[in-house]
Amino acid sequence: MMRPWWHAAAIYQVYPRSFRDGNGDGLGDLRGVEEKLPYLKALGIDAIWLSPFYPSPQHDSGYDVADPRDVDPMYGTLADAQAMIDSAHAAGIKVIVDVVPNHASVEHRWFREALVSAPGSAARARFHFRDGRGDNGEQPPTNWMSMFGGSAWTRITEPDGSPGQWYLHIFDSSQPDFNWSNPEVRDDWLTTLTFWLDRGVDGFRVDVALGLAKDMTYPEIENPEGLVQALRLDLDNDSDEVKAMRAKVTNSAIFDRDELQEIYRGWREVMNRYPGDRMAVAEAWVTPERAAMYVGGDTLHQIFNFEFLSIPFDASRICAVVQRTLEELAVVKAPATWALSNHDTPRVVSRLVAPGFDEESARTAARSLALIGHCLPGSIYVYQGEELGLADAPIPDAARQDPVWFRTNGEQLGRDAARVPLPWSGTIPPYGFSDSSDVTTWLPQPDGWAEFTAIAEAGDPHSTLAQYREMLRLRHELPAFADLENTAIEQVMPGVVRVTRGSDFTCLVNCTNQHIRVAASGRMLVASHADVTADGGSLTLPPAAGAWLLS
Ligand code: NOJ
């Protein structure tokens, strides 16, 4: 039996507002996505995952959804979405859409209705409205904190003008959390899934998949700051302190609660009614023991591997995380996922810059991590621009847009630097992102991206783009990659990672800052640096470089 496509797919994340501007207004759109399908096809990916394009006041770049069953005019129309889905399918590319079931936007019709309805009404019961504490209800109902900083509760003004109840938002105050203990909320989300499945989408990326269920007794949390911190992506996963923090997420008042299993069983039932192996991937940083609840066969299909996404360029850590992932998912019986970056994290190149390790070295290291990620069994996720080796762009404070920046009063810079519009061609902004040259892009593009445009890299056999194309081509072609079982990873010498698949495929990556020579037989297939050489029996790897070999 053929295995489902998502067991070993290459999935490209499109962040629509920064992918390609098809109508010249400085913002990416669905027409832009459709226009660039040939580029994506040539890259060799199997599917695209689009971040939200639904009507939204854009307080969190579209993750504040006013209507999950429509398209924001800034991205196009429902007809444009359908055309994009159909064209992707015609090109042999599957389409995954992002659903945001944890919360709505303050502009969602239900939330508007709740604001003008009485406390205790059915309209309020679709969200988490509570009276405040203190003599006049002037204090938030609980000590829960927002992931974006500050209290997770905001007080409303009642229709008669008096200070009123508080509503819960574990993200920005513009993102009220749905009350998932309410059957109306559950049913409405099944309608949303059906709406997109009927339009042919092949899967869903489930935003904040660990957050939907809340403890309806609304208890105080022992360490609310710690709970929020535990989900940060830039922590040292292997430290005992972080492990202890993460363990507290399980069945906490806000996250990773047992009730989720029943919710996702319902989703799976709906997806199972459709042909073509529809799938869903959970955005949920949970302990390995808990992963089974999200992908246990009758719930969702994949779960993001955040440990790999935040991995340092360190041979022993890479080996440990990869081994752990493979062992854990073998128990759960779900295929692994691998990603180096997404729209919420620094770009992998910038993440790897360190004292004594400049951007160029970090780019080589990022390309080497890609060599590892792309040769592992399971699905690989590629965040747009990663295939061009882009680094984070400098953002002037006045241009920042991320609510994280505003809610932490500038203490955290937020995620804008990794969300800058892509450079397609040319030597100056907008680098072909938009056709009109005097456009102001929603985030400024830096000078110096001329060498990182898709066009410039397409003409350079040693570019990051050339490496990605080659890896993706080989993923489809090498027989060793068809077998999802026989993978081994180890340090073949101190600081050097070796991955083998089957009997003839080897990936070697030098995580040291020295040139090394390592015994390796076979033909070199692709490398992360122009100076990697293979000569009958050995491979010479510059610092941070790596290669794939076939014997
Ligand atoms: C995770 C999304 O990836 C992120 O961009 C967003 O801000 C939060 N969820 C809230 O929806």
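Student: Are Phe481 and Trp548 buried or exposed?

Tutor: In this predicted model, Phe481 and Trp548 are both buried. The structure holds 31 aromatic pairs. One of them is formed by Phe111 and Phe129, which are stacked, with 5.8 Å from centre to centre and 20° between the planes. Phe111 belongs to helix α4 (residues 109-115) and Phe129 to strand β4 (residues 129-130), so that this pair links distant parts of the chain, 18 residues apart. Phe111 and Phe129 are both buried.

The pair in your question has another geometry. The planes of Phe481 and Trp548 stand at 80° and the ring centres are 5.5 Å apart, so this pair is edge-to-face; the cut-off for that term is an angle over 60 degrees. Phe481 is found in the loop between α16 (464-477) and β12 (487-493), while Trp548 is in strand β19 (residues 546-550), and the pair therefore ties together parts that are 67 residues apart in sequence.

Rings can also be joined into a cluster. Ring pairs connect Trp110, Phe111, Phe127, Phe129, Tyr167, Phe178 and Trp189 in this way, and the stacked pair of Phe111 and Phe129 belongs to this cluster.

Finally, there are arginines placed over rings. Arg199 lies over the face of Phe195, 3.7 Å from the ring centre. Arg246 lies over the face of Trp285, at 3.6 Å from the ring centre.

How values were computed. Residues numbered from 1 in each chain as written. Predicted model: local features only at pLDDT ≥ 70, side-chain atom pairs only at ≥ 80, totals over all residues. Heavy atoms only, no water. Phe/Tyr/Trp six-rings, centres within 6.5 Å; stacked < 30°, edge-to-face > 60°. Helix = DSSP H or I, 4+ residues; strand = E, 2+ residues; numbered from the N terminus. Buried < 20%, exposed > 50% of the residue type's maximum accessible area, 1.4 Å probe, protein only. Lys NZ or Arg CZ within 6 Å of the ring centre and 35° of its normal.
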